[in-house]
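The stops below are meant to be taken in order.

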Amino acid sequence: MNSDLIRPEIAALPTYNAGMALDRFRAHYGIDCLAKLDSNENSAGPCPGVVEALREEAYGIARYPDAGNGALREELAAATGSAAVRVIIGNGSEDLIGAVFRTVLRPGDQVVTIWPSFGLHEFGALAMGAHVTKVPFNDDWTFPLQGMIGAMADEAPRVLILSSPSNPAGPAISAAEFDALLTATPAGTLVVFDEAYLEYLDTAARFDAMARLAAGHNPWLILRTFSKAYGLAGIRIGHGIGCCPDLVAQMMKTRNPFGVNALAVAAARAAMRDTDHLAHSVKLAADGRARMARSLAEAGYACAPTQTNFVFFDTD
Ligand SMILES: *Cc1c(COP(=O)(O)O)cnc(C)c1O
């Protein structure tokens with residue numbers, strides 16, 4: 001192959017480590033009884049209504065889906081108090097991480113994120129030729145507000161992206177820290193706030209990030225997913241809510257028109273209706289993380305505080 005063929009940004013990227021599927025694990029280790037915890041999936045599975053909706057929808061799959069994802073966008077807009085034109089659906093929210101980077105990043109741009117960070121927050125930015133500044137959590141796992149402010153001081157980043165509650169670390173940013181971060185963010189910077197674990201937040205740690213973003217001076221995008229608390233990781237569906245219809249309209253141009261399939265939309269709509277199953281999933285995870293953190297601490301391992309469905313700990 002001609003060595004000039006591949007874009008240098010792509011050639012320099014490592015292969016993304018997406019973990020191993022359960023059946024591959026079983027084959028690899030030759031054991032059936034495995035607790036697969038590495039992808040933060042929902043052990044409660046999807047709600048029964050999802051399985052029913054998939055069966056129904058299966059009869060319609062000879063037709064292309066609605067490329068505009070109209071019905072689901074309207075339902076999500078109603079559920080989140082936004083407008084359908086500001087909602088975007090993705091083939092998983094990772095699809096939207098790629099879409100937003102493709103929409104705004106130029107080679108040489110700076111992207112600021114937190115460390116340890118979610119791999120795709122860095123990966124998609126590097127693929128566009130941006131450079132990524134990663135600011136470590138404070139030693140006590142509090143949010144590195146000063147570090148973030150410092151990282152944005154010399155050069156205004158095109159994008160500030162972080163997940164909260166954080167993957168892979170687990171802690172969540174507080175409302176006061178979030179406000180201070182927004183105040184310190186240069187006005188042109190797009191704030192991408194990834195709320196993949198929103199549903200797992202303790203009540204006391206919750207705040208309305210969307211209202212705070214809307215009251216601030218930055219363009220913004222919130223990302224959410226059906227992969228975690230709703231138990232739909234395998235079918236691939238997530239969504240974003242943007243500051244304005246134009247951001248969403250521009251992002252739509254960078255996605256495959258039929259990238260969100262009809263079964264995924266049917267599953268998401270059914271999953272939204274079963275709030276009991278959601279509450280059950282969240283309680284299962286909250287009880288499990290507390291038990292796991294206690295056991296790890298008793299065994300002498302240092303754990304980061306967690307507001308998610310997993311525990312991050314030091315294996316040394
Ligand atoms: C799991 C996760 C996602 C969700 O990805 P999907 O593509 O929706 O499955 C997004 N962001 C973070 C931080 C995650 O941990």
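The model is predicted, so local features need pLDDT of at least 70 and side-chain atom pairs count only at pLDDT 80 or more, while totals for chains, interfaces and linings use all residues. Residues are numbered from 1 along each chain as its sequence is written, and side-chain values use heavy atoms, with hydrogens and water left out.

**Stop 1: the ligand**

Now show the side chains of D194, Y197 and R236. In D194, a side-chain N or O atom is 2.6 Å from a nitrogen atom of the ligand. For Y197, the side-chain N or O atom is 2.7 Å from an oxygen atom of the ligand. R236 places a polar side-chain atom 2.6 Å from a ligand oxygen atom. Of the 390 Å² of accessible area that the ligand has on its own, the protein covers 94%; these areas come from the Shrake-Rupley method with a 1.4 Å probe, and for residues only the protein chains shown count as cover.

**Stop 2: strand β7**

Select residues 238-242, which form strand β7. Helices (H or I, at least four residues) and strands (E, at least two) are DSSP runs, numbered from the N terminus. Why is β7 largely enclosed by the rest of the structure? Five of its five residues are buried, where buried means under 20% relative accessible area, exposed over 50%, and partly exposed in between (1.4 Å probe, protein chains only). G238, G240 and G242 point one way from β7, whereas H239 and I241 point the other way.

Strand β1 (residues 87-90) runs antiparallel to β7 and is joined to it by four bridges, with I88 opposite G240. Strand β6 (residues 220-225) is also antiparallel to β7, with five bridges, and L221 stands opposite G242.

**Stop 3**

How many disulfides does the structure hold? The count is zero, a disulfide being a pair of cysteine sulfur atoms within 2.5 Å. For C243, the nearest cysteine sulfur is that of C244, 3.8 Å away. C243 is partly exposed, at 25% relative accessible area. C244 is also partly exposed, at 28%.

**Stop 4: K36**

Move to the loop between α2 (22-29) and α3 (48-58), where K36 lies. Is K36 buried or exposed? K36 is buried, with a relative accessible area of 18%. The K36 side chain reaches the backbone oxygen of M20 at 3.3 Å. A polar contact of 2.6 Å also joins the side chains of K36 and D38; such a contact is a pair of N or O atoms within 3.5 Å, and within protein one must be able to donate a hydrogen and the other to accept it, while residues adjacent in sequence count only if both atoms are side-chain atoms.

**Stop 5: Q307**

Finish in the segment after α12 (275-298), at Q307. Q307 counts as buried, at 13% relative accessibility. Display S164 as well: Q307 and S164 are 143 residues apart in sequence, and their C-alpha atoms are 8.7 Å apart in space.

How values were computed:
Pairing = 2+ DSSP bridges.
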